[in-house]
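User: Could you take a close look at one helix of this model and explain how it sits among its surroundings? I am new to this, so please go step by step.

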Amino acid sequence: MAAGGTDMDPEGPGAGERSGGLRTALAGLTTRGRSFLAAGVAAAVCSYVLGQADLLRVGLLLAALPLVCVAVVYRTRYRVAGSRRLAPARVPAGSEARVHLRMDNVSRLPTGLLMLQDRVPYVLGPRPRFVLDRVEPGGRREVSYRVRSDLRGRYPLGPLQLRLSDPFGMCELTRAFSTYDTLTVVPQVEPLPPVRLTGEAAGYGDGRHRSLALAGEDDVIPRGYRVGDDLRRVHWRSTARYGELMVRREEQPQRAHCTVLLDTRRTAHFGSGPDSAFEWAVSGAASAAVHLLERGYAVRLLTDTGSSVPGRDGGGGFTGSTHDSAETAGLMLDTLAVVDHSDGGGLSPAYEVLRGGGEGLLVAFLGDLDEEQAAMAARMRHRTTAAVAFVLDGAAWSRGAEFGSGPDLEDRLRRLREAGWTALPVGPGVSLAQLWRQADAQGATRADAGSRAVGGMTGSWT
């Protein structure tokens, strides 16, 4: 996705709009110009002290040259317009985006030597600078540069700055455009295998709780006629029965629901940077949300603070139809691009949201859990038809070890599994796709065990 550039004119004198006085132009003297001016003044003083008229002429020439250059740059009256285009405007962390700059000379005079530079945050790389030679009237110049960031975020690009200079390099005036663009660096999305991820024991359903969508086939249950209804949908048998016009109601097809829960508590994650546990959780939430949207789920992103994306609406924060899945995925990625640690101490706000509408599959990316928060997470399972938890092993991440979960983590995982969760520990360097398959296998095992238990109970009663 590319962001369209917007025409813009530089502000200030030297580019068609003269603001400020001669003092502003004098402030643009370069080191060379100031040296010439100082040398001219010194020569004039020496000529007065020594009584040398020729030295005075030299001093006046040295002092006049930078002043003439200031006047020339100050009175320059050409106009230029610029545009910036990002390709793409949204990139995953660690990927490159290309920024295209275009300068147009919209005046009737040719320009002199121009220096073009764009202001970018330091995390995107060095500040790009370009030297443009003479641009003819009505001409254009196009340049481009690349930016890259390993850190998520929204980064402003701009303002674009144009530096005007005289041929002798005595004076430089910098004028800035007023338009900014924004580069969004979203979390990396890992492709996930198309597994079922049921995760529930027997008797809990298939984990794909469904809800009403927007349109569908006819339902045999009629309703009263409303202004604007198609008369071809009139159900005459019901009309004769109820004595008023009745029309066939549309049966609305069902769509699977899923909530992706991201634990952002500052106390639940250790370390910082692209390889930290928190960044793994953010990337995992992005991968799961995009994968489930592609499979046709109505997905919402929920954090421990209780905020959800899409926002709370009549659909409980879920997407409305399959047609807006791409837009919803972009909205979730933009949200995850700027998500940061929360100062919350528990998961109770997220539990309250799930209690108000927590149907469907629940996929949670949790940090370190104490006994109280593990009990809170266990209660979340009873509000959903299936639940899968990826619990980050803080001790392993702190020491950089992939395996070796401590007894506390094993106790938390056991409590979640007893509540019906499919719970897996996460250490550094583990692929989410691998854990995704393990969650499917663990859920299938639990379902088989539940089926055998139900069969055994049935046999004991016969």
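Analyst: The expected span of a helix is 1.5 Å times one less than its number of residues. In this predicted model, helix α3, which covers residues 53-74, has 22 residues and reaches 32 Å from its first C-alpha to its last, close to the 32 Å expected at 1.5 Å a residue.

Next comes the partner helix. Helix α2, residues 31-50, packs against α3 at an angle of about 155°, with the two axes 7 Å apart. Because angles over 145 degrees count as roughly antiparallel, α2 is roughly antiparallel to α3. The crossing of these two helices is left-handed.

Turning to the residues in this contact, the α2 side contributes Gly33, Phe36, Leu37, Ala39, Gly40, Ala43, Ala44, Cys46 and Ser47, and these meet Leu55, Leu56, Gly59, Leu62, Ala63, Leu65, Pro66 and Leu67 of α3. Sorted by class, the contact between α2 and α3 holds 13 nonpolar and 4 polar residues, with no charged ones.

A further step is to ask which residues of α3 are buried, where buried means under 20% relative accessible area. They are Gly59, Ala63, Pro66, Cys69, Val70, Val73 and Tyr74. As a general point, an α-helix has 3.6 residues a turn, so residues three or four places apart point the same way. The cover over the buried residues of α3 includes helix α2, but also α1 (22-26) and the strands β8 (160-165) and β9 (172-176).

Conventions:
Residues are numbered from 1 along each chain as its sequence is written. This is a predicted model: local features need pLDDT of at least 70, side-chain atom pairs count only at pLDDT 80 or more; totals for chains, interfaces and linings use all residues. Side-chain values use heavy atoms; hydrogens and water are left out. Axes are lines fitted to C-alpha atoms, for helices over the stretch in contact, and angles run from 0 to 180 degrees between N-to-C directions. Helices (H or I, at least four residues) and strands (E, at least two) are DSSP runs, numbered from the N terminus. Angles under 35 degrees count as roughly parallel, over 145 as roughly antiparallel, 65 to 115 as roughly perpendicular and the rest as oblique. A crossing is left-handed if the near helix is turned anticlockwise from the far one by less than a right angle, and right-handed if clockwise. Contact means heavy atoms within 4.5 Å. Ala, Val, Leu, Ile, Met, Phe, Trp, Tyr, Cys and Pro count as nonpolar, Asp, Glu, Lys and Arg as charged, and the others, Gly among them, as polar. Buried means under 20% relative accessible area, exposed over 50%, partly exposed in between (1.4 Å probe, protein chains only).
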